[in-house]
2 protein chains.
Amino acid sequence: MVRVVESNSVSGSSDVQLSLDSIRESLIRQEDTIVFSLIERAKFPLNKPSFEESRCLDSGNSSSLTEFFVREMETIQAKVGRYDNPEENPFFLDNIPHSVFPSHKYPQVLHPKASSVNINKRLWDIYFKELLPFFVKPGDHGNYASTAACDLACLQAISRRIHYGKFVAEVKFRDAPHDYEPAIRSKDTEALMKLLTFEKVEEMVKKRVEKKAETFGQEVKCVSGDESENYKVDPSLVSRIYGEWLIPLTKDVEVEYLLRRLD
Amino acid sequence: MVRVVESNSVSGSSDVQLSLDSIRESLIRQEDTIVFSLIERAKFPLNKPSFEESRCLDSGNSSSLTEFFVREMETIQAKVGRYDNPEENPFFLDNIPHSVFPSHKYPQVLHPKASSVNINKRLWDIYFKELLPFFVKPGDHGNYASTAACDLACLQAISRRIHYGKFVAEVKFRDAPHDYEPAIRSKDTEALMKLLTFEKVEEMVKKRVEKKAETFGQEVKCVSGDESENYKVDPSLVSRIYGEWLIPLTKDVEVEYLLRRLD
């Protein structure tokens with residue numbers, strides 16, 4: 001066991017044991033953030049033109065408004081040290097600008113190859129092509145600035161969850177290196193996926209996020225018992241978002257990380 | 001009655017009647033956003049150095065990390081059209097950069113002087129000096145990039161709520177111009193404040209946001225009835241945040257707006 005960032009406070013400086021329990025606690029807390037961000041995004045319709053290619057009047061370059069926004073935002077966030085944190089992975093930055101403020105030293109508990117595991121390009125495509133149309137209503141109401149801010153919040157929350165797979169894989173590997181080493185050496189992706197899959201746990205996660213969407217997405221009235229069943233995001237969809245995308249993508253990150261674990 | 005942005009979807013293009021009901025509906029939905037943002041900020045301790053003056057390594061200028069971050073963020077957000085929306089008011093931009101994408105035409109229902117009503121400087125001071133220490137735990141865990149992002153979310157959600165007072169004042173004025181005109185002409189702030197104050201409504205809002213903080217800030221478990229009473233933000237504090245700051249500041253905006261209403 002090594003000491004690592006306190007996972008519940010999502011990378012603070014106070015260090016605690018790197019354990020499956022602390023990682024699970026962080027993932028559970030991250031569910032709240034993800035459900036909040038989905039509820040907030042669902043205020044707006046799909047607003048497709050915001051993420052379709054458009055000509056930027058400034059540079060003349062073609063980019064979607066949302067891509068322009070996320071690229072610029074990531075640059076600013078890098079300058080305040082966001083990507084010094086091994087939990088954060090950029091969507092677009094190839095060369096991450098240095099922090100312009102004194103930076104925080106995060107404990108390095110992952111294998112040095114960890115930073116090369118980044119599936120955000122895949123997440124970006126999945127998010128706009130599959131996930132977003134799955135949980136927001138169709139339509140275009142023109143308020144793209146607010147929409148892009150909500151999309152950024154969703155993308156970053158989901159990306160953090162998925163790439164947390166690196167920490168999950170690290171602790172699982174350390175707990176039973178002999179179970180993993182043969183499959184890593186033979187690059188047996190299928191065997192690794194099998195070692196990393198616990199269907200009962202996945203079912204529990206899906207059930208819990210459905211309940212969170214019910215709880216956080218209800219209309220709260222002053223009088224108890226007056227709650228309507230009008231959820232801001234359909235809770236069964238949130239469960240499916242986890243089952244069909246978030247959990248599988250997290251496991252893909254775990255496998256990718258493990259394949260580099262003995263380099 | 002005039003047509004105005006759909007207040008429930010927070011400034012979309014589909015227009016509905018500007019009525020006290022539609023404005024109230026928007027304010028109620030904004031409560032959820034504010035409570036979510038407070039819960040998210042409360043994950044982290046105060047992290048005072050993030051908003052205290054620090055030397056920016058890049059420019060050599062003194063600024064807090066959070067101020068640097070918010071200034072830069074607002075510039076990017078302006079470039080995607082955030083401040084074309086009369087509901088949004090910047091903290092730092094004196095000259096708002098034009099949108100670099102084709103911009104959305106928001107219906108202009110407020111008096112042209114509305115854009116000069118901006119109490120964000122006061123909100124900034126109150127937020128960091130009073131409000132933040134009031135609801136987050138003390139301490140410094142060093143992860144300032146995430147903290148600043150959460151502070152921005154809180155500040156923008158609260159600023160939107162407070163400056164929504166312009167819409168509230170506009171509709172109240174239109175419903176009963178003769179009640180307001182004498183007080184406006186004599187600049188009688190006290191009389192205006194009295195006309196705008198409905199204690200019963202304020203009590204109901206405070207009660208409702210407390211219930212929202214209980215609902216959204218609880219730990220949701222898989223098994224029903226297993227919920228703990230460990231709230232992520234003390235619900236009574238959220239009620240007091242509304243009672244001591246958000247509601248009075250909204251009314252200050254209403255008064256400031258009305259004082260310019262006959263210009």
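Modeller: A:Asn47 is found in the loop of chain A that runs between helix 1 (20-41) and strand 3 (53-55); helices (H or I, at least four residues) and strands (E, at least two) are DSSP runs, numbered from the N terminus. The model is predicted, so local features need pLDDT of at least 70 and side-chain atom pairs count only at pLDDT 80 or more, whereas totals for chains, interfaces and linings use all residues. Residues are numbered from 1 along each chain as its sequence is written, chains are lettered from A and ligands numbered from 1 in the order in which they are written, and side-chain values use heavy atoms, with hydrogens and water left out.

The phi angle of A:Asn47 is near 55°, a positive value in a residue other than glycine. Most residues other than glycine have a negative phi. A:Asn47 counts as buried because its relative accessibility is 0%; buried means under 20% relative accessible area, exposed over 50%, and partly exposed in between (1.4 Å probe, protein chains only). In chain B, B:Lys187 also has a positive phi, near 50°, and it lies in the loop between helix 6 (177-185) and helix 7 (189-196). B:Lys187 counts as exposed because its relative accessibility is 61%.

Helix 1, at one end of the A:Asn47 loop, also takes part in a salt bridge: the side chains of A:Asp151 and A:Arg41 meet at 2.8 Å, N to O. A salt bridge is a side-chain nitrogen of Lys or Arg within 4 Å of a carboxyl oxygen of Asp or Glu. Because A:Asp151 lies in helix 4 (residues 144-163) and A:Arg41 in helix 1, the pair ties together parts of chain A that are 110 residues apart in sequence. Both A:Asp151 and A:Arg41 are buried. Across all chains the structure holds 39 salt bridges.

Helix 1 of chain B (residues 20-41) likewise has a distant partner. The side chains of B:Lys212 and B:Glu31 form a salt bridge (2.9 Å, N to O); B:Lys212 is in helix 8 (residues 199-216) of chain B and B:Glu31 in helix 1, 181 residues apart. Both B:Lys212 and B:Glu31 are buried. Salt bridges with shared partners also join A:Glu31, A:Asp32, A:Arg208, A:Lys212 and B:Lys232 into one network.

A:Lys166, in helix 5 (residues 165-175) of chain A, is buried yet has no salt bridge, and the nearest side chain of opposite charge, A:Glu256, is 8.8 Å away. The side chain of A:Lys166 instead makes a polar contact with that of A:Asn89 (2.9 Å), and one of its polar atoms lies 2.9 Å from the backbone oxygen of A:Val117. A polar contact is a pair of N or O atoms within 3.5 Å; within protein, one must be able to donate a hydrogen and the other to accept it, and residues adjacent in sequence count only if both atoms are side-chain atoms.

As for the whole fold, chain A has nine helices and four strands, in the order β-β-α-β-β-α-α-α-α-α-α-α-α from the N terminus. Of its 263 residues, 57% count as buried.

Note on methods:
Lys and Arg count as positive and Asp and Glu as negative; His and the chain ends are not counted.
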